[in-house]
Protein chains: 2
Amino acid sequence: MTAAFQGELGAFSQQAIAQLLGPKARPFPCPQFDDVFAALADGNVDAAVIPIENTLYGSIHGNYDRLLKHDFVITAETRVRIVHNLIAPPETNFAQVRNVYSHQVALDQCLDFFADNKQIQRETFYDTAGSVKMVMEERPPASAAIASELAAKIYKGRILKRGIEDDRENFTRFFLLEHPGAKPRGGTARSSKPWKTSLVFTTHNTPGALFRALSALALRDLSLTKIESRPLRGKPWEYLFYIDLIGRSEDKVVKNALSHLGELCDFLRVLGTYREA
Amino acid sequence: MTAAFQGELGAFSQQAIAQLLGPKARPFPCPQFDDVFAALADGNVDAAVIPIENTLYGSIHGNYDRLLKHDFVITAETRVRIVHNLIAPPETNFAQVRNVYSHQVALDQCLDFFADNKQIQRETFYDTAGSVKMVMEERPPASAAIASELAAKIYKGRILKRGIEDDRENFTRFFLLEHPGAKPRGGTARSSKPWKTSLVFTTHNTPGALFRALSALALRDLSLTKIESRPLRGKPWEYLFYIDLIGRSEDKVVKNALSHLGELCDFLRVLGTYREA
């Protein structure tokens with residue numbers, strides 16, 4: 001199986017692919033998220049893996065918008081612990097490092113490291129794994145990169161410092177996307193993990209509309225694990241709501257809740273039902 | 001009065017300052033949003049004006065996080081219609097233009113213009129108004145910028161094309177921030193505009209907690225106009241909720257709702273009460 005992801009080989013998304021599809025899945029790197037969705041739409045890959053939220057950064061809002069634009073289904077989710085490592089060519093030792101390249105978000109998640117090492121300059125790069133690739137190929141003097149252990153392995157860099165992120169509660173949640181009709185993955189009959197269902201809807205533009213919509217879930221004791229709002233195109237100050245709930249879309253209670261929610265909404269789409277990570 | 005804003009003179013935020021504080025208010029440009037908040041915290045300015053959401057782009061999530069980090073109050077809101085103009089030095093005519101500079105978000109909001117004018121290259125710049133400043137000062141050949149009419153005026157550029165944005169439903173909502181104790185602005189006794197109140201809270205981590213929290217508002221017929229969720233630091237997969245409701249924090253029904261909401265929340269803070277724009 002081939003799965004598209006955004007970034008260079010060695011990205012955290014590649015780790016997500018291995019967790020979701022096993023070590024034999026072939027990662028297909030794409031420069032932009034739009035390319036990831038296009039690769040799946042065009043049939044160049046069997047699946048796509050996208051980050052949807054990070055526990056420090058928040059949601060990757062553009063990917064919520066792309067879920068709506070395309071007709072794919074979420075067939076699994078996974079969580080990757082984001083460990084940032086300082087990586088350099090084997091001949092570079094830590095005392096020599098003066099410039100550190102990485103994606104802005106990664107640099108911002110290692111502020112304590114930079115505060116403790118004032119001799120080191122931060123250099124913004126377009127990608128975490130890409131910064132390792134560049135440092136290994138171009139060998140700029142006194143330089144290192146911040147990225148995953150996998151990136152160090154792929155580009156044969158040496159890890160000078162492990163786990164230099166400020167906050168260890170740094171996780172990214174990923175979705176596996178496939179064409180409509182694909183079955184949820186990773187669930188076995190013995191799996192004890194609960195099911196989750198992801199939805200997107202718009203309410204009537206009336207007072208209390210969101211509360212009423214949520215009542216279709218809450219009054220059936222269905223738990224919400226996430227709610228995200230996004231602007232509704234063409235209707236200023238109205239919103240789309242993305243919700244994750246605990247339950248399988250085939251469960252009777254979830255079916256009833258969805259049918260009830262449909263009465264209360266202008267638009268409702270189930271984005272997928274899958275095992276919790 | 002002096003008000004800090006992010007960007008160069010001529011930014012849409014400067015237009016928001018004029019709408020919020022009148023034409024005599026002095027705009028105080030800052031490179032980054034963190035500098036805007038710091039300018040107000042350090043007493044270098046009397047107020048700060050920040051964008052909080054755009055009808056196409058969505059929320060400016062970092063500013064929600066900054067509202068929580070600081071102790072300021074929202075004393076007013078306003079909405080600015082985002083009109084993108086193609087601006088060049090007076091000696092440049094449209095047929096000569098080959099490169100157009102602007103902020104990535106502005107370039108992305110003029111895709112039809114670029115599709116119709118394939119001879120023109122998009123060039124990403126750090127700021128909309130700043131791109132006009134650069135084009136006027138450095139005069140790179142065959143170049144123009146995309147920014148507000150105000151930016152054209154300030155840097156004495158000529159508007160070659162007006163309103164080149166794809167979508168006319170393009171508005172940005174701004175907050176006026178002041179030190180705690182400041183009174184709401186812009187409300188007169190005769191104003192027919194309703195009051196709004198902005199809150200942030202975290203719920204207990206139990207099923208149905210958000211629904212119960214919203215019930216404190218809905219069961220008192222208080223209308224929600226916005227809900228935004230942000231990750232809660234240190235508690236992966238838990239969230240802060242930012243809410244705007246119609247009503248004044250001094251109203252009896254809002255007071256009761258806030259007191260009820262307080263019972264249902266681990267944390268609750270009123271960010272401000274102000275007249276709707």
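## Helix pair α8 and α9 in chain A

In chain A of this predicted model, the axes of helix α8 (residues 209-218) and helix α9 (residues 252-264) come within 8 Å and cross at roughly 170°. Axes are lines fitted to C-alpha atoms, for helices over the stretch in contact, and angles run from 0 to 180 degrees between N-to-C directions. α8(A) and α9(A) are therefore roughly antiparallel (angles over 145 degrees). Helices are DSSP runs of H or I with at least four residues, strands are runs of E with at least two, and numbering starts at the N terminus.

From α8(A), the contact takes A:R212, A:A213, A:A216 and A:L217. From α9(A) come A:A257, A:H260, A:L261 and A:L264. Contact requires C-beta atoms, placed from the backbone, within 7 Å. By class, 6 residues are nonpolar, 1 is polar and 1 is charged. Ala, Val, Leu, Ile, Met, Phe, Trp, Tyr, Cys and Pro count as nonpolar, Asp, Glu, Lys and Arg as charged, and the others, Gly among them, as polar.

Strand β11 (residues 171-178) of chain A is mostly covered, with 7 of its 8 residues buried. Buried means 20 or more other C-beta atoms within 10 Å of the residue's own, with C-beta atoms placed from the backbone.

Strand β3 (residues 47-54) of chain A runs antiparallel to β11(A), joined by 6 bridges. Here A:I50 has A:F175 as its bridge partner. Strand β5 (residues 73-81) of chain A is also antiparallel to β11(A), over 8 bridges. A:I74 stands opposite A:L177. Strands pair if DSSP finds at least two bridges between them.

β7 (residues 99-102) and β9 (residues 143-147) of chain A pair in the parallel sense over 3 bridges. A:V100 has A:A144 as its bridge partner.

## Contact between chains A and B

Chain B and chain A each put 25 residues into their contact. On the chain B side, α8 (209-218) and β13 (224-231) each supply at least two residues. β13(B) gives the most, with 6 residues. This side divides into 12 nonpolar, 8 polar and 5 charged residues.

## Conventions

Residues are numbered from 1 along each chain as its sequence is written, and chains are lettered from A and ligands numbered from 1 in the order in which they are written. In this predicted model, local features need pLDDT of at least 70 and side-chain atom pairs count only at pLDDT 80 or more, while totals for chains, interfaces and linings use all residues.

Technical notes. Contact = placed C-beta atoms within 7 Å. Buried ≥ 20, exposed ≤ 12 C-beta atoms within 10 Å, placed from the backbone. Parallel < 35°, antiparallel > 145°, perpendicular 65-115°, else oblique.
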